[in-house]
Amino acid sequence: MNNAIIPFLVTMMLVTGVCNTILNKFQDMQCVLNCDSPDPKARRTFEQPVIQTVQMFIGEMGCWLVIGASIIFKRYISPRLSRNASPLFAGGYNPVHADDRDYDDEDHPVDGPGASNSPYKPGSDDDRIPLQGTKIFLLAAPSCCDIAGTTLMNVGLLFVAASIYQMTRGALVLFVGLFSVLFLHRKLFFYQWLALFVVVLGVALVGLSGALFGDAQEDDTVRKNAMEVASHAMLHVRTVAGTPEAAKAVIGVLLIAAAQIFTASQFVLEEWILENYEMDPLQVVGWEGVFGFSVTVVISIIMYLAVGRTDAGRYGYFDVKEGWHQVFSNKYVALSSVLIMISIGGFNFFGLSVTRTVSATSRSTIDTCRTLFIWLVSLGLGWESFKWLQVAGFALLVYGTFLFNDIVRPPLKACLPRTRREQEVLLPEEPIEHI
């Protein structure tokens, strides 16, 4: 791919990522019940994290449209365009591959295993089995982790500002690090453990800022008039009136931080699958969308029959009948739903393209900048106020991420590894990120 397109890919990755978080928060703020009531406490906003999870998986399934379009273009349109004199239209879309080798028109590598430009070890391609047939169901495991993580994060987003939500997600690198050491036998140097500690400290400051400094204006818009605690397999909730705003912020941060355990499990499972099986990462996203959508829909129907249609579950998280009615009856919720599907699909596509053309390290570093833009957009929209403690937490998050990814050097030489041997990659070569 031409290096001139890299700035475009990076920009679109940031734009789609920021839009996805902002759109989810915007959707949470939409009034769907008793909107004409003079009492603000009687109004209810859109509180359907399970439906938002379904929207995410629909967006991921949109990757199949890109794959299908590329196949049609290469098979029927590109051969005709290549006959033209202009070289501009020669060729076609090349799918995103997990390595840096050249591929022919049939997506077969033109150089053998162990080529100098391949990041994999010699012979590793021969060891990987094509992920096809019944083996595709292996992707159902990370999809289930994605369901749990995304739903918990959507619940947490109901109680905190969009920037605090995004910053708290920085705890992901801690759990990925721990799980990679425990299950994938990766090695972390002392300075990388130090970076993980800095990230956790930054997350703690972000959560503390949300607990200590609540925005008064959020009482009418962002914040809920009732607090909801986990039950029924960590997902079903019941309303508890009169919960203080600080407690809501703390519980929201804890829910988002806990969700990173499931997301980290998803990343580690994906890395193990991509190390042992061969499949285009864009197809991995598409298949995870299919499995995630199917499982989420089945679970939502079961929970509706068991909980959602009861008096206690009415208008709750599992009242999917009322939830979908709110989606189609409120034009702003419906419009934001469509935009969320587009933004999550675009974020996955452009994120994988950045990983393909630059590196996974660059992608994680660029994604850190997404937090800054979300914070600035939230400030500009008046959704939250400026907090110095939040800025300090964000600075620690950035420094810890940069230190972990070797963008900055450790403060002490003693922290450096004693040898210059190649460090094993901690994060997946093609991390599958979502909201």
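This is a predicted model: local features need pLDDT of at least 70, side-chain atom pairs count only at pLDDT 80 or more; totals for chains, interfaces and linings use all residues.
Residues are numbered from 1 along each chain as its sequence is written, and side-chain values use heavy atoms, with hydrogens and water left out.

**Figure 1. Overview of the protein, with 14 helices and six strands.** Helices (H or I, at least four residues) and strands (E, at least two) are DSSP runs, numbered from the N terminus. The protein has 435 residues, and 50% of them count as buried. Buried means under 20% relative accessible area, exposed over 50%, and partly exposed in between (1.4 Å probe, protein chains only). The accessible surface comes to about 20,500 Å². Carbon and sulfur atoms hold 65% of that surface. Areas come from the Shrake-Rupley method with a 1.4 Å probe; for residues, only the protein chains shown count as cover. Among contacts (heavy atoms within 4.5 Å) with a separation of 6 or more, 77% join residues 24 or more positions apart.

**Figure 2. N276 in helix 9.** Helix 9 spans residues 245–276. N276 is partly exposed, at 30% relative accessible area. Its side chain reaches the backbone oxygen of W272 at 2.6 Å. This pair is a polar contact: N or O atoms within 3.5 Å, where, within protein, one must be able to donate a hydrogen and the other to accept it, and residues adjacent in sequence count only if both atoms are side-chain atoms. Leaving out residues up to four places away in sequence, N276 touches D127, R128 and I129. N276 and I129 are 147 residues apart in sequence, yet 6.4 Å apart in space, C-alpha to C-alpha.

Figure 3. W272 counts as partly exposed, with 39% relative accessibility. The backbone oxygen of W272 takes the side-chain contact from N276. Not counting residues up to four places away in sequence, W272 touches L184 and Y277.

**Figure 4. S337 in helix 12.** Helix 12 covers residues 331–357. S337 is buried, at 3% relative accessible area. A polar atom of the S337 side chain lies 2.8 Å from the backbone oxygen of V333. Beyond residues up to four places away in sequence, S337 touches Q27, Q55 and V327.
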